[in-house]
Amino acid sequence: MQIDIITAVPELLESPFNHSIMKRAQEKGLLTVRTLNLRKWAINKHMQIDDYQFGGGAGMVMMPEPLANAIDELQQEKKYDEIIFMTPDVVSFNQRAANALSMKENILIICGHYKGIDERIRQKYVTKEISIGDYVLSGGELAAAVVVDAIGRLIPGVLNDETSALFDSFQDNLLAPPVYTRPADFRGDKVPEILLQGDPKKVEEWRHEQSMQRTRERRPDLLDE
Ligand code: ADE
């Protein structure tokens, strides 16, 4: 999968994909993340990419021309399965949306800044809008990093134990069960006996019960879906 990200602040995306699982995914050749500085397509020598909004009001708007030129150029290289705009204006991203995006080959993500991007770019180019929650970030970059991480780890072969993503919270609309590691007795708090007995069927049943209980207590809304 190749993910291209257009941003006015590429520095914000320097680190998130260079560690841990995202780094490994790229080293294995399963994922390529490319950060593209929008200023490369700025309209003048002042590197302008934003301007005042028509009709008045505080805050700058990202101009259509640099974005359109960037997208046109990138589309000559390849066809994108989705052109995504990061915005708080839609219902929140979730595991189901991450699963669906992890099946795509080529994704372009546009990060907004200031008041947002000119509406004509949204109408003409954007195929999907993604919010990571009902709060306003100062730009789309951190949200884009969240989305890339969530979908990157689902690409087959990225996780060492491929089945492990199957047991993540939300994969079957249930929260994950509690997990334990050594020591079996930590300052008097003991690991549930069933996990030490070595009966995989009983362990599986116990985990399912724990998932159900946890979901009922913390996120009953998931059980209604
Ligand atoms: N840009 C600003 N806020 C955002 C949010 N909550 N999700 C996605 N992109 C954003």
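Reader: How much space lies in the second largest pocket?
Author: About 340 Å³. Keep in mind that this is a predicted model.

Reader: And how many residues line that second largest pocket?
Author: The lining has 23 residues. Met86, Thr87, Pro88, Val136 and Leu137 are the ones nearest the pocket centre.

Reader: What does that lining look like by class?
Author: The second largest pocket is lined by 11 nonpolar, 9 polar and 3 charged residues.

Reader: Where does the ligand sit?
Author: In the second largest pocket.

Reader: Which atom of Thr87 lies 3.2 Å from a ligand nitrogen, backbone or side chain?
Author: A backbone N or O atom of Thr87. Gly133 also places a backbone N or O atom by a nitrogen of the ligand, at 3.1 Å. For Leu137, a polar backbone atom is 3.0 Å from a ligand nitrogen.

Reader: How much of the ligand does the protein bury?
Author: The protein buries 96% of the 260 Å² that the ligand exposes when taken alone.

Reader: Switching to the largest pocket. How much space is in there?
Author: About 410 Å³.

Reader: Which residues lie nearest its centre?
Author: For the largest pocket, those are Phe167, Pro177, Arg207, His208 and Ser211. They belong to a lining of 14 residues.

Reader: Last topic, domains. What are the bounds?
Author: The domain assignment gives domain 1 as 2-152 and domain 2 as 169-224.

Reader: How far apart are the C-alpha centres of the two?
Author: The C-alpha centres of domain 1 and domain 2 are 37 Å apart.

How values were computed:
Residues numbered from 1 in each chain as written. Predicted model: local features only at pLDDT ≥ 70, side-chain atom pairs only at ≥ 80, totals over all residues. Heavy atoms only, no water. 1 Å grid on protein atoms, 1.4 Å probe; cavity = no way out; pocket = protein on both sides within 12 Å on 5 of 7 lines; lining within 4 Å. Points joined across faces, edges and corners; volume = space filled by probe spheres on them. Nonpolar A, V, L, I, M, F, W, Y, C, P; charged D, E, K, R; others polar. Polar contact = N/O pair within 3.5 Å; in protein donor to acceptor, adjacent residues only side chain to side chain. Areas by Shrake-Rupley, 256 points an atom, 1.4 Å probe, with all protein chains shown as cover. Sits in = over half its atoms within 2 Å of the grid points. Domains from an automatic or database assignment.
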